[in-house]
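Student: I'd like to learn how to read helix packing and nonpolar cores in a model. Could you walk me through an example?

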Amino acid sequence: MAQKHVDGIIEFLKSDFWNNFIDNHLQHPDEEVYHAHIYGDTNIHPESLKKVMFAYFEGIGHPLTRRIDPVSPHPGQAGLHTIYPRGYAHFDMFNRYNPDVVLGPMPLDAPEAEHGQNQLSWGKKYQDWYIGEKNYKFLTVGPREEEEIKQFFMGKQWKEMREYVHEQSAIYPHVHMNVEISFDPKVLELFAREALQKMGWTVERIVPCVYDVHGEYRGKLVFVLGNPEEVFDIAWLYNPDVVICRAQEGWIYDLPGFDLFSKENYNNVLEAADFYTLTDDEMKQICDFCKTLEKKA
């Protein structure tokens, strides 16, 4: 047994870096937090880190309520997507392989860090600022626009979304459906919620957020579904010349209308590095430590 792996993970869970993320990014005294990201360096296999996350949050009294999906948003990153502790914002953990680090913070100057940060979170204040700063001239939705939006949610791109998100979820663990709109994204949320209900899909939560597209943040709505248990995003770009349409260009990837985060890309990260898988005995030691943790409010 390589005790250094157990000790390294426990030290990480006790660290100021990790506890600052829990206390100041997954919750905030002044507002609801919608979503958060944390970036690390590690030589631990992400499947082992999933087990660590389940044990840790169980230990602090905020057990995870959903599965964690494998995602590689960028080359060299093995992400744990949609970690959802009860009572906290859901978050994503993006790690790069580092043979010299069991588990620790990604340096702020690393090219894989997000806008020079290794911990980020977004809440209502940020979303209000983001919309206000852009000074969008949102279209007022009347009967004609309402009908066009309803037709969109019966159209080809929406049907493709269903196939990618559910039928092909083993191939694409995470999906962005990319659209262009001229109206407030709050209206987009209402019509999408109605369309999902008609499909028989149940929604646990929808949160507005942003994500990075080649160095610039773009708006999106995160749909956390109960049945089927999937998470997908509708990402939006303001275009005053349309009511709603499929994105006319590829954004992160080349396919207009979708960014598909494939399991193949994630597997390529794992195959390119010598990640360490925790043994049952090592995992038991970590679980035993997590059981001693204080419950957090």
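Predicted model: local features only at pLDDT ≥ 70, side-chain atom pairs only at ≥ 80, totals over all residues.

Student: At what angle do helix H6 and helix H7 pack?

Tutor: H6 (residues 156-167) and H7 (residues 185-199) pack at about 60°, and their axes are 13 Å apart. Angles of 65 to 115 degrees count as roughly perpendicular. H6 and H7 are therefore oblique to each other, and H6 passes H7 in a right-handed crossing.

Student: Which residues of H6 and H7 meet?

Tutor: From H6 come Trp158, Met161 and Arg162; from H7, Ala192, Ala195, Leu196 and Met199.

Student: How many residues has the largest nonpolar core?

Tutor: It has 51 residues, and those with the most contacts inside it include Trp158, Met161, Leu188 and Phe232. H7 gives the most to this core, with seven residues. A separate core of 35 residues includes Ile22, Ile38, Met53 and Tyr56.

Student: What does Phe232 touch, beyond residues up to four places away in sequence?

Tutor: Among its partners are Trp158, Met161, His174, Leu196 and Leu221.

Student: Is Pro208 buried or partly exposed?

Tutor: Buried means under 20% relative accessible area. Pro208 has 22%, so Pro208 is partly exposed. This proline is found in strand E8 (residues 202-213). Leaving aside neighbours within four places in sequence, Pro208 contacts Tyr34, Gln127, Lys220 and Leu221.

Terms used: Residues numbered from 1 in each chain as written. Heavy atoms only, no water. Axes fitted to C-alpha atoms, helices over the stretch in contact; angles between N-to-C directions. Helix = DSSP H or I, 4+ residues; strand = E, 2+ residues; numbered from the N terminus. Parallel < 35°, antiparallel > 145°, perpendicular 65-115°, else oblique. Left-handed = near helix turned anticlockwise from the far one by under 90°. Contact = heavy atoms within 4.5 Å. Core = buried A, V, L, I, M, F, W, Y, C linked by side-chain atoms within 4.5 Å. Buried < 20%, exposed > 50% of the residue type's maximum accessible area, 1.4 Å probe, protein only.
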